[in-house]
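Have the model open as you read.

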Amino acid sequence: MDRGDKQQQQNQMSLAKSSRQRYSEWIFRDVPSDITLDVGGGTFALHKFPLVSRCGKIRKLVAEHRDSDISRIELLNLPGGADSFELAAKFCYGINFEITPLNVAQLCCVSDYLEMNEEYSKDNLGSRAEEYLETIICKNLEMSVEVLQQCENLLPLADELKIVSRCVDAIASKACAEQIASSFSRLEYSSSGRLHMSKQVKCEGDWWIDDISNLWVDLYQRVIMAMKCRGVRPESIGASLMNYAQKELTRKSSLWNLSNQQKADLLVSNTMEHEKIVVETIISLLPVEKQAVPLSFLFGLLRSAVMLDCSVACRLDLERRIGSQLDVATLDDLLIPLFRHAGDTLFDVDTVHRILVNFSQQDDSDEDELEDDASVFESEGPHSPSQSALFKVAKLVDNYLAEIAPDANLKLNKFMVIAESLPAHARTVHDGLYRAVDIYLKAHQSLSESDRKKLCKLIDFQKLSQEAGAHAAQNERLPLQSIVQVLYFEQIRLRNSLCCSYNDEDPKPMHHQSWRISSGALSAAMSPRDNYASLRRENRELKLELARLRMRLNDLEKEHVCMKRDMAKSNSRKFMSSFSKKIGKMSLFGQSSSRGSSSPSRHSHRTDSKVIERTCASTD
């Protein structure tokens with residue numbers, strides 16, 4: 001006999017000895033026992049009459065062996081074991097004991113197993129336990145949680161007797177009631193006399209979160225689903241999920257520093273399997289609302305799902321949720337370690353790519369919804385929420401590319417697919433993308449010339465800043481074709497800056513010229529929705545300018561009528577002097593200086609051409 005078998009035998013002997021010591025305190029000592037019952041490793045020497053009078057199962061067993069005068073019975077798979085049977089035997093002997101939340105589930109199950117119901121005795125153990133469960137337990141949330149914890153070792157019988165379902169419904173209804181009461185207590189009147197709800201970091205009605213976090217994962221899942229059906233706030237559900245994950249996945253943190261062989265051994269252990277079930281359950285219970293749980297918690301679940309090799313459906317669900325609010329993510333969130341073979345990349349690039357695809361598809365759907373709404377285009381500018389989200393995500397992606405670029409195992413196609421996952425108008429400046437490409441070229445010097453050209457096509461060198469352009473012009477890692485493009489755009493930029501400094505002497509035409517240039521650059525960086533909104537604003541400005549011109553022409557026509565009337569009345573030299581003064585006032589497009597008045601026709605012609613040009617542009 002090995003050491004394990006000896007230890008098990010010693011445990012059984014100690015259990016039998018303790019059970020004999022317990023029941024010897026309340027058993028009839030002056031009457032010898034006539035029946036012995038073996039229950040879960042414990043042995044009870046009792047009397048037939050008190051047992052048969054209340055236990056239908058024992059009565060049937062004794063009746064079946066009446067001829068042989070049975071003296072020993074073995075009760076297999078009795079729920080609760082020796083402790084539960086001891087309480088049932090005490091009840092048969094008339095020994096008083098207290099029914100509590102810790103033993104009521106056991107009493108319900110053992111009374112059902114032993115058939116201690118009203119058919120064999122009035123006010124039997126089953127009816128009393130049921131009465132306590134309905135009148136006391138189901139009216140209190142904390143007691144219901146305690147009973148539910150005791151049911152973990154009594155399944156599936158506790159579920160068949162509907163003890164679990166009754167406790168789950170009681171917890172959900174009481175939690176919802178507590179939340180409603182807490183909401184009413186937070187109502188207060190503002191200074192204007194309006195009723196509003198005061199903000200609190202944590203609702204007072206969520207005290208139950210710590211209580212239910214000790215439940216077994218299957219029972220916890222049933223409680224949360226019942227709370228959702230009852231209408232408990234998504235924020236409270238999210239807080240409970242975070243608390244439960246923190247308690248159940250604490251052992252996960254110790255696995256990060258283990259060797260690959262140790263990880264492989266632990267992945268097949270019961271602990272890792274339990275954590276996998278917990279993660280998949282929490283993901284399935286996440287509320288649909290975006291702000292119910294922080295984005296960092298979703299990324300933590302995603303890392304756990306990758307490490308524990310959870311189901312594909314769970315991971316895709318997490319990636320979709322993360323993609324819907326990626327604009328608030330950080331670089332550390334995207335750096336998801338990859339727990340696979342040694343030849344793979346350090347970080348999970350494929351997962352990040354799927355998250356970016358979800359973000360881009362959501363952005364496209366938002367644009368489709370707003371495409372036919374003209375009022376939205378009139379109210380939103382280049383910094384609308386969706387456009388600002390694109391800018392943030394583009395900067396995040398560029399930083400992520402720069403972080404993963406030094407990885408020697410990172411293939412070119414994976415690097416490019418991350419860079420191309422966002423639309424072209426997401427980046428107004430390509431400095432971050434250029435930095436990431438330069439780091440990749442430095443870490444992968446064995447790339448062929450064609451691959452380097454393909455990689456550099458990601459960069460729009462016209463969108464580089466002056467500093468980045470100067471660096472790219474001297475970067476020997478870039479292909480010659482790319483360097484030529486950089487020099488060409490730098491030459492155009494220098495020529496434009498010289499033209500702008502030359503035209504500083506004529507401020508007004510330069511104002512409109514710079515307006516046109518900046519408008520074109522901005523339109524190139526805008527999304528189609530925001531570009532359309534900008535064109536509508538330009539049209540409104542042109543209409544206002546045309547209205548001002550019409551008013552000025554009306555004034556000139558009135559002055560012309562007055563001039564004709566004066567000419568008809570007088571032909572004197574005084575009239576000629578007045579006529580010459582009025583001619584000086586006929587400046588159609590604003591006041592001219594002494595320098596500009598020397599050529600009014602040329603100034604007027606240039607302004608007319610400018611107005612025609614803007615009108616044609618808005619029409620196009």
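What follows goes through the sheet, its strands and then some helices.

## Ground rules

This is a predicted model, with local features needing pLDDT of at least 70 and side-chain atom pairs counting only at pLDDT 80 or more, while totals for chains, interfaces and linings use all residues. Residues are numbered from 1 along each chain as its sequence is written, and side-chain values use heavy atoms, leaving out hydrogens and water.

Helices (H or I, at least four residues) and strands (E, at least two) are DSSP runs, numbered from the N terminus.

## The sheet

Three strands make an open sheet in the order β2-β1-β3, with mixed pairing; strands count as paired if DSSP finds at least two bridges between them. Since β2 and β3 sit at the edges with a single partner strand each, one side of each has no neighbour in the sheet. From one strand to the next, the twist averages 20°.

Strand β1 (residues 35-39) runs parallel to β3, and four bridges join the two. Thr36 has Arg72 as its bridge partner in β3, Leu37 has Ile73, and Val39 stands opposite Leu75. With strand β2 (residues 42-46), β1 pairs in the antiparallel sense over five bridges; there, Thr36 stands opposite Ala45. The two form a hairpin with two residues between them, and Gly40 in the turn has a positive phi of about 50°.

## Which faces are covered?

In a regular strand the side chains alternate between the two faces of the sheet. In β1, Ile35, Leu37 and Val39 point one way, Thr36 and Asp38 the other, and all are buried (under 20% relative accessible area; exposed is over 50%, partly exposed in between, with a 1.4 Å probe and protein chains only). Five of the five residues being buried, β1 is largely enclosed by the rest of the structure.

Strand β3 (residues 72-75) has a covered face with Ile73 and Leu75, and an uncovered one with Arg72 and Glu74.

## Helices

Helix α3 (residues 56-64) lies across β1 and β3 and runs at about 135° to β3. Helix α4 (residues 81-92) packs on the sheet, touching β1, β2 and β3, and its direction makes about 15° with that of β2. Contact means heavy atoms within 4.5 Å; axes are lines fitted to C-alpha atoms, for helices over the stretch in contact, with angles from 0 to 180 degrees between N-to-C directions.

How far apart are the end C-alpha atoms of helix α12 (residues 234-248)? They are 21 Å apart, which agrees with the 21 Å its 15 residues should span at 1.5 Å a residue (1.5 Å times one less than the number of residues). The buried residues of α12 include Ile237, Leu241 and Tyr244.
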